Amino acid sequence: MNNLLEVRKLYKFYPSGKGKLEVIRGIDFDLPAGQMLAIVGASGAGKTTLLNLIGALDRPDSGSIRFDGVALSSLPPIELAQFRNRKIGFIFQFYHLLPEFTALENTLMPCLLRGMPLPEAQQRAQNMLEKVELADRSHHRPAELSGGEQQRVAIARALVGEPKLILADEPTGNLDSVTGEKISLLIRRLHDKNGLTSIVVTHNEQVAAKCDRVLHLKDGQFVEKL
Ligand SMILES: Nc1ncnc2c1ncn2[C@@H]1O[C@H](COP(=O)(O)OP(=O)(O)O)[C@@H](O)[C@H]1O
Ligand SMILES: [Mg+2]
């Protein structure tokens, strides 16, 4: 099987008083291309820290991450940023949309970062908003949208650049259960339709149940059961 991601002996520390806090303590796993993986764990288990390492938003203290055959540690910062922009789509619990911009403008942002001409970026973003069933809200700003709608915009923004990997950090954590269910079904559907590989961090068992595999994170390590 072809692995999109190979994570080996990963460690991450944060300074804490005179010592250090070991937040990720020896993580090993492979993520086959096409798989949708759930990572489940209590608050403080290290889930966000792990996603940030995989998404190259932060660097590990030791260990290695190979993504699509490339060792992330071998890339200088500018190349790492380009790699992140091209290959990874991020979805967050609190959406992280830019409040001054419309749904369409938020969605097309990754295309502009890549230097795509504006009309093409607008067209792509509009198509993507149709896929998340939000085409009729494209000129609304985030404050004029419900939580579920804002998360749909964030999903459109994550997918507009046709990334290989989706990293979703508690994507339904701020939504009521009915809306959360719709959002997790949407992520599953788009994952399948676009041949994506995804990691979804969640507390929600219904969300985890839609994934192909579940890993349990406890105190910075994968364990058999929580
Ligand atoms: N930038 C940071 N500096 C110091 N400690 C941090 C930092 N980020 C997270 N931590 C600590 O690392 C642990 C794991 O955090 P996090 O990865 O956010 O957990 P989770 O997402 O599972 O709730 C927590 O104890 C948290 O307080
Ligand atoms: Mg977290």
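Author: A polar contact is a pair of N or O atoms within 3.5 Å; within protein, one must be able to donate a hydrogen and the other to accept it, and residues adjacent in sequence count only if both atoms are side-chain atoms. Here an oxygen atom of ligand 1 is 3.0 Å from a polar backbone atom of Gly-46. Backbone N or O atoms also lie 2.7 Å from a ligand 1 oxygen at Gly-44 and 3.2 Å from one at Ala-45. The protein buries 58% of the 570 Å² that ligand 1 exposes when taken alone (Shrake-Rupley accessible areas, 1.4 Å probe).

Reader: What conventions apply to the model?

Author: This is a predicted model, in which local features need pLDDT of at least 70 and side-chain atom pairs count only at pLDDT 80 or more, while totals for chains, interfaces and linings use all residues. Residues are numbered from 1 along each chain as its sequence is written, chains are lettered from A and ligands numbered from 1 in the order in which they are written, and side-chain values use heavy atoms, with hydrogens and water left out.

Reader: Which residues are around ligand 1?

Author: A residue is near a molecule if one of its heavy atoms lies within 4 Å of it. Around ligand 1 these are Tyr-14, Leu-21, Val-23, Ala-42, Ser-43, Gly-44, Ala-45, Gly-46, Lys-47, Thr-48 and Thr-49. Helices (DSSP H or I, at least four residues) and strands (E, at least two) are numbered from the N terminus. Strand S2 (19–32) and helix H1 (47–54) each supply at least two residues of this shell, and H1 gives the most, with three.

Reader: How is empty space inside the protein found?

Author: Rolling a probe the size of a water molecule over the atoms shows where empty space is left. A cavity is a set of points, on a 1 Å grid over the protein atoms alone, where a 1.4 Å probe fits but cannot get out; lining residues have an atom within 4 Å of a point. Grid points are joined across faces, edges and corners, and a volume is the space filled by probe spheres set on the points. The whole structure has two cavities of 30 Å³ or more.

Reader: What lines the largest cavity?

Author: Its volume is about 50 Å³, and the lining consists of Ile-91, Ile-155, Leu-159, Ile-166, Ile-187, Leu-190, His-191, Leu-196 and Ser-198. Helix H5 (147–159) and helix H6 (177–193) each give two or more residues to this lining; H6 gives the most, with three.

Conventions
On a 1 Å grid over the protein atoms alone, a cavity is a set of points where a 1.4 Å probe fits but cannot get out, and a pocket is an open set with protein on both sides within 12 Å along at least five of seven lines; lining residues have an atom within 4 Å of a point.
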